[in-house]
Structure formats: C-alpha cells, structure tokens
Amino acid sequence: MTRTPITIALPDLSGRRALVTGASDGIGLGIATRLAAAGAEVIMPVRNENKGEDAVASIRERHPEARVSLRRLDLSSLSSVAALGEQLRAEGAPIHLLVNNAGVMTPPDRQLTADGFELQLGTNHLGHVALVAQLLPLLRAGRARVTSQVSIAARSGSINWDDLGWERGYHGQRAYSQSKIALGLFGLELQRRSAALGWGITSNLSHPGVAPTSLLASRPEIGRSTDTPQVRVIRWLSSRGILVGTVESAQLPALLAVTAPDAQPGIMYGPHGPGGLGGPPAPARLYPPLRSTEDAARIWDVSQELTGVEFPTA
C-alpha cells in the first residue's frame, strides 16, 4: 500500500532561534531540519558529536543556507546541562523555540544517570527540567514557545511517588511511562507558572503517536543488543500504511505545537488517526494522568528539589 505523505506548512521563522534536544537522528533530526528550512537558526545539543556532525551535514545537504550549530549536551548529567546553560547565557541571544524531544526508552535493566537517578526519569524528565531552568532568562527574552514531547505511553500509568527511582521492582515500561507523565505535567505547570508570574513563555505538549524510530531499536549504549519485537511490528505496519505513522509524520505534532501562530498553550497536539497512533497532527485530549493540577504542582516542586535548580516564585 502506498500512503499519501502527510505534511504541514511552517511559517517563516527567519530571525528566530530554536533549540531541539535529541536532534541527531529520528524525529528530532526531522524537527530540526524543518525548522532550519523555515529560516530558524537551530541549535542542536547532542551527546554523540559524530552523530551530531552527520546530522548537521544532512541538513546542509538538503538546505545549504541552513543556520545550524552543535552544542555539547548529555541530558543524563546535570553538570552537562548546567554547562550548556552557562554557554548559551554567555552568548546572550534570546531563544524563541524550544522542543524538549530527546529521550531513552525501556532499558532492559535499571540504569542510573551520572547523578544517581533512574535513567529514564533522569534523561527524559529531570534533564529537561534543568535545561528549562538554565535557559529561563533566554526563553523569557525570546517570549519563547516551549513544546515538550511526551508519548502515547503517558496515556496510562502514574507517578510512582513512593519510589521515583524504581529501586524496588524495576519495570522498564512503567518507568518510561512515569518519565513521560512527569515531563507532561511539568510542561503544563510551566504554562501555569508563566501565565501567573508574567514570564512571557507559552508551553504546550506534543506526542508523536507510534512510528518506526530508534527508541525501541537496538541500543547497545543502554544494554539492548537487538531490535525489540515491537519495533519490528511497527516497521512492518508503517511500511504498509497501516494504522501507525512514519518518522516524517511523527515530527508534525511537535512542529505544529511549536510554530503554528494559532497553536494554544497548555494543551497537547498529536496524530489525529485511530487511537492517536498516526495521521495528521491536531489538538488532542490530554491523557488522564496529565490532568491533575495537584500532581503537576507536586512534580514541579519535587523536580526542583532533585535537580537543585530553582525557578522564580515572583
């Protein structure tokens, strides 16, 4: 079956500075490519410099005039996040668009970040919390739009408040769901705090649906030596245009959320096909675990305590 490609038009982003985490491959690279093609200056903070250089080269091959640059960032290390924040604040240029996209998924065994956090919570959530805090002056200066990429895994599950690090009975999928629920709650609370305190930042969420990305593929760096059965099925379905999306269509909810002039703060965008698995991007109903304002305020406070960052209170 041949599927008709799904796409959206982006506004002219000339004069805008964007930062996309996880931009060295997959959905993140696609988002960075589209933003650069629309005229934005795109910062690509990466952990693997060789992959980052290949990504920049691929963008410039398609768009020779693209303004893209690499920075060093390991979201699983708070010192690395702080170093990037210091570097960008020293440069002093406002940031207008931020896509919190990077993530790791379901290591087969419990692993820890450099700071002792469970790897998925530390990378997917806490690293992004610290990044937003480090960049807050630049985001405020740019009256930025911040889009945090959650996951269809956040439609169920909960925050394991009594054992955030999954020290007792690690379950990779539940820990992944928790990390994405936490990031989503944080993104929604960021919007509430910004509105209440006049930061000038707008924050919303996106989710990519299901697509054949590298998240469930072989990832030796997290202890997965072969592709998972799930990603093999997803590739098969995607190649035949059945139910799920493609890597290209999975980029679109975040692109819509972060660039569309009429994109709304405090809501989620996702694929509009059956089950939210694929299809064109559109506003989506918040998953039940993301609807509690009490949980959002709690994760905001707990995340500051764990990371050691502080957001203004006035």
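1. Ground rules. This is a predicted model, where local features need pLDDT of at least 70, side-chain atom pairs count only at pLDDT 80 or more, and totals for chains, interfaces and linings use all residues. Residues are numbered from 1 along each chain as its sequence is written, and side-chain values use heavy atoms, with hydrogens and water left out.

2. E41. You'll find E41 in strand β2, residues 41-46 (helices, H or I, of at least four residues and strands, E, of at least two are DSSP runs, numbered from the N terminus). E41 counts as buried because its relative accessibility is 18% (buried means under 20% relative accessible area, exposed over 50%, partly exposed in between, with a 1.4 Å probe and protein chains only).

3. Who E41 meets. Leaving aside residues up to four places away in sequence, E41 touches R16, R17, A18 and R67 (contact means heavy atoms within 4.5 Å). With R17 there is also a side-chain to side-chain polar contact at 3.2 Å (a pair of N or O atoms within 3.5 Å; within protein, one must be able to donate a hydrogen and the other to accept it, and residues adjacent in sequence count only if both atoms are side-chain atoms).

4. T106. This residue sits in the loop between β4 (97-100) and α4 (119-141). T106 isn't a glycine, yet its phi is positive, near 45 degrees. At a relative accessible area of 15%, T106 is buried.

5. W166. Look in the loop between β5 (145-149) and α5 (172-197). Phi of W166 is near 55 degrees, again a positive value in a non-glycine residue. W166 has 8% relative accessibility, so it counts as buried.
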